[in-house]
Amino acid sequence: MTAKARTAGTVSGEQGRTVIDDAVVAKIAGIATREVEGVYALGGGAARVVGAIRDALNSTDLSQGVSVEVGERQVAVDITIVAAYPVSLQKVAADVRVAVYRAMEELVGMEVAEVNVTVNDVHIPSDDEDGSEEARVR
């Protein structure tokens, strides 16, 4: 999932107007989500593969796994995460919602309509091991 390419979040005032692009809103939501304890990664399987390639090239996509819909005064956010094992999935999802709500209200200055969190996978630390352990059976 990616941010839409249109421009939204326009605020007019006496001294001019501010336009916040959807990609910026998605990036802020992604950063806020990555800071939550228990979030291992963002995005589904294919997005994580592309993300790993980007990371290797030092070109991390901070909005990976984040989709936003931005209106004139409100924003809706959909986030797909991989949770670190062993964490309470409900607690991680709730903490992600709180972090994204806070970021949208404080940094973007928009009201949040909803934050939907999809837990796509659970990362188990043993998944990172290289399998060099001696086999139990011969």
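In which loop does Pro86 lie? Pro86 belongs to the loop between β5 and α3. The points below concern a predicted model and proceed from the overall fold to individual residues.

1. Overall architecture. The chain contains three helices and six strands. In sequence order, these elements follow the pattern β-β-α-β-α-β-β-α-β. Of the contacts between residues at least 6 apart in sequence, 66% link residues at least 24 apart.

2. Burial and surface. The chain has 138 residues, of which 35% are buried. Its accessible surface amounts to about 8,900 Å². Carbon and sulfur atoms account for 49% of that surface.

3. Strand β4. This strand spans residues 66-70, and four of its five residues are buried. Strand β4 is therefore largely enclosed by the rest of the structure.

4. The β4–β5 hairpin. Strand β5 covers residues 74-84 and pairs with β4 in the antiparallel sense, over five bridges. Three residues stand between the two strands, which together form a hairpin. At the level of individual residues, Val70 has Val75 in β5 as its bridge partner.

5. The cis peptide bond. Tyr85 and Pro86 are joined by a cis peptide bond, with omega at about -5 degrees. As noted at the outset, Pro86 is located in the loop that lies between β5 and α3. A colleague inspecting the backbone may wish to locate this bond in the view above.

6. Surroundings of Ala84. Ala84 is part of strand β5. When its neighbours within four places in sequence are set aside, Ala84 is in contact with Gly38, Tyr40 and His123. Ala84 and Ile124 are separated by 40 residues in sequence, while their C-alpha atoms are 6.6 Å apart in space.

7. Is His123 buried or exposed? The residue is buried, since its relative accessible area is 12%, which falls under the 20% limit for that class. His123 lies in strand β6, which comprises residues 111-123. The side chains of His123 and Tyr40 are joined by a polar contact of 3.4 Å. Both of these residues are also among the contacts of Ala84.

8. Side chains of opposite charge can pair when their charged atoms come close. The count of salt bridges in this model is one. The side chains of Lys91 and Asp95 meet in a salt bridge, at 2.7 Å from N to O. Both residues lie in helix α3 and are four residues apart, about one turn of the helix. Asp95 counts as partly exposed, because its relative accessibility is 27% and that class lies between 20% and 50%.

9. A nonpolar surface patch. Which residues form the nonpolar patch on the surface? The patch consists of Val87, Leu89 and Val119, and its accessible area is about 180 Å² for the three together. Leu89 is found in helix α3, which runs over residues 89-108. With a relative accessibility of 36%, Leu89 counts as partly exposed.

Note on methods: Residues are numbered from 1 along each chain as its sequence is written. This is a predicted model: local features need pLDDT of at least 70, side-chain atom pairs count only at pLDDT 80 or more; totals for chains, interfaces and linings use all residues. Side-chain values use heavy atoms; hydrogens and water are left out. Buried means under 20% relative accessible area, exposed over 50%, partly exposed in between (1.4 Å probe, protein chains only). Contact means heavy atoms within 4.5 Å. Accessible areas come from the Shrake-Rupley method with a 1.4 Å probe; for residues, only the protein chains shown count as cover. Two strands pair if DSSP finds at least two bridges between them. Patches are made of residues with over 30% relative accessible area and no salt bridge: like charges are joined within 9 Å, nonpolar side chains (Val, Leu, Ile, Met, Phe, Trp, Tyr) within 5 Å. A salt bridge is a side-chain nitrogen of Lys or Arg within 4 Å of a carboxyl oxygen of Asp or Glu. A polar contact is a pair of N or O atoms within 3.5 Å; within protein, one must be able to donate a hydrogen and the other to accept it, and residues adjacent in sequence count only if both atoms are side-chain atoms.
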